[in-house]
Amino acid sequence: MELCRATSLAWSNSVSPSLHIPHPFSSCDGKRFRICCLGKETASDPSGKKNQMTVSVTGATGFIGRRLVQRLHADNHRIRVLTRSKSKAQLIFPGKKIKKEIKHSRIRVTSKVVDLINNSQDEVQPTVLVSATAVGYYGSSETQVFDERSPSGDDYLAEVCREWEATALRVDKNVRLALIRIGVVLGKDGGALAKMIPLFMMFAGGPLGNGRQWFSWIHLDDIVNLIYEALSNPSYEGVINGTAPNPVRLGEMCEHLGSAMGRPSWLPVPDLALKAVLGEGASVVLEGQKVLPVRAKELGFPFQYPYVKDALRAILSQDS
């Protein structure tokens with residue numbers, strides 16, 4: 001994944017579960033949007049039913065990246081993980097990140113990946129690049145509805161996503177490019193939900209902000225499946241929103257979370273408390289946006305969790 005940051009998939013002719021790649025062809029995960037993947041078909045599997053891909057992944061140690069690697073491995077694809085050690089990755093951006101560093105880090109990694117692709121020989125050039133940014137591309141609104149045709153917003157996150165995607169668009173035209181704009185990913189072991197659950201466990205959970213903000217979410221399994229499909233299905237090209245088909249108001253999401261946990265959800269969470277828990281990600285949650293996955297639905301992508309109530313119940317029922 002060229003993480004989203006973006007996840008990047010590179011190519012290789014050898015099988016390797018993990019590689020230590022020195023800077024600059026490595027990246028560290030940890031943020032919601034940072035994924036970029038490069039894939040290349042290499043051979044048929046023993047059954048002859050599907051082509052095997054060789055995939056190099058940056059961001060493989062992150063929330064989405066870990067699950068994507070598991071999925072690729074389960075289907076017997078060749079995987080190369082491009083990363084520094086986990087300990088080094090955790091030290092790259094400790095605590096609050098400087099905005100300038102966030103922007104430059106994402107664009108720099110994507111630029112290096114694109115240059116690597118464009119300078120490669122035809123026989124080893126990947127056939128697809130999947131670069132994932134964020135729905136922050138659209139800016140925020142309590143009333144407007146966004147889809148893949150909507151223009152970019154005018155805030156800082158929109159600027160980062162816009163320049164990030166422009167960098168990915170420099171890739172050789174012979175390489176299929178899928179740009180996935182990811183919403184708030186829901187899963188038990190990471191992301192915003194993992195930080196919100198403790199508040200509800202302490203009976204301190206409730207509406208975040210005014211509760212009227214739109215919450216454009218997606219279950220972890222669905223975003224992994226969407227990225228996987230973009231790698232293997234030639235119809236997946238251009239901008240694709242990585243969000244569930246039924247966004248909800250944040251107040252409704254909190255009601256469902258409280259119900260699933262058997263906890264009250266009436267006590268509003270102060271903005272300062274939310275910012276302390278979510279850090280930079282709090283602005284996305286507090287300001288909100290209604291983003292629809294029009295392109296994914298046109299492509300017939302099968303969402304396993306189209307409704308947040310079912311997604312939350314499935315997540316909370318997972319074994320610890």
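Trainee: In which hand does α7 pass α11, left or right?
Mentor: Keep in mind that we're looking at a predicted model. Here α7 passes α11 in a right-handed crossing.

Trainee: What else do I need to describe a pair of helices like that?
Mentor: In general, you describe two packed helices by the angle between their axes and by the distance between those axes. For α7 (residues 250-261) and α11 (residues 308-316), the angle is about 35 degrees and the axes are 9 Å apart.

Trainee: Which residues make the contact between α7 and α11?
Mentor: On the α7 side, look for Met253, His256, Leu257, Ala260 and Met261. From α11 come Val308, Lys309, Leu312, Arg313 and Leu316. Sort the residues of this contact by class and you get seven nonpolar, one polar and two charged.

Trainee: Which residues of α1 and α6 meet?
Mentor: α1 brings Phe63, Ile64, Arg67, Leu68, Arg71 and Leu72. They meet Leu220, Asp221, Ile223, Val224, Asn225, Ile227, Tyr228 and Leu231 in α6. By class, that contact has ten nonpolar, one polar and three charged residues.

Trainee: Now for the inside. Which residues touch the most other members of the largest nonpolar core?
Mentor: This core has 29 residues, and the ones to look for are Ile64, Leu72, Val130, Ile180, Val185, Ile223 and Leu226. The largest share, eight residues, comes from α6. There's also a second, separate core of 21 residues, with Ala192, Tyr305, Val308 and Ala311 among them.

Trainee: Can we zoom in on one residue? Is Leu72 buried or exposed?
Mentor: The cut-off for buried is under 20% relative accessible area. Leu72 is in helix α1, and its relative accessibility is 0%, so Leu72 counts as buried. Leu72 and Thr54 are 18 residues apart in sequence, with their C-alpha atoms 9.6 Å apart in space.

Trainee: And what does His219 touch?
Mentor: Leaving out residues up to four places away in sequence, His219 touches Leu186, Tyr305, Ala311 and Ile315. You'll find His219 in strand β12 (residues 217-219), and at 2% relative accessibility it counts as buried.

Trainee: Where does Thr110 lie?
Mentor: Thr110 is part of helix α3 (residues 99-118), and with 1% relative accessibility Thr110 counts as buried too. Thr110 and Val171 are 61 residues apart in sequence but 9.9 Å apart in space, C-alpha to C-alpha.

Trainee: Last one, stepping back: how many helices and strands are there in the protein?
Mentor: There are eleven helices and 15 strands. Of the protein's 320 residues, 53% count as buried. And if you take contacts between residues at least 6 apart in sequence, 83% join residues at least 24 apart.

Terms used. Residues are numbered from 1 along each chain as its sequence is written. This is a predicted model: local features need pLDDT of at least 70, side-chain atom pairs count only at pLDDT 80 or more; totals for chains, interfaces and linings use all residues. Side-chain values use heavy atoms; hydrogens and water are left out. A nonpolar core is a set of buried Ala, Val, Leu, Ile, Met, Phe, Trp, Tyr and Cys residues joined through side-chain atoms within 4.5 Å. Buried means under 20% relative accessible area, exposed over 50%, partly exposed in between (1.4 Å probe, protein chains only). Helices (H or I, at least four residues) and strands (E, at least two) are DSSP runs, numbered from the N terminus. Contact means heavy atoms within 4.5 Å. Ala, Val, Leu, Ile, Met, Phe, Trp, Tyr, Cys and Pro count as nonpolar, Asp, Glu, Lys and Arg as charged, and the others, Gly among them, as polar. Axes are lines fitted to C-alpha atoms, for helices over the stretch in contact, and angles run from 0 to 180 degrees between N-to-C directions. A crossing is left-handed if the near helix is turned anticlockwise from the far one by less than a right angle, and right-handed if clockwise.
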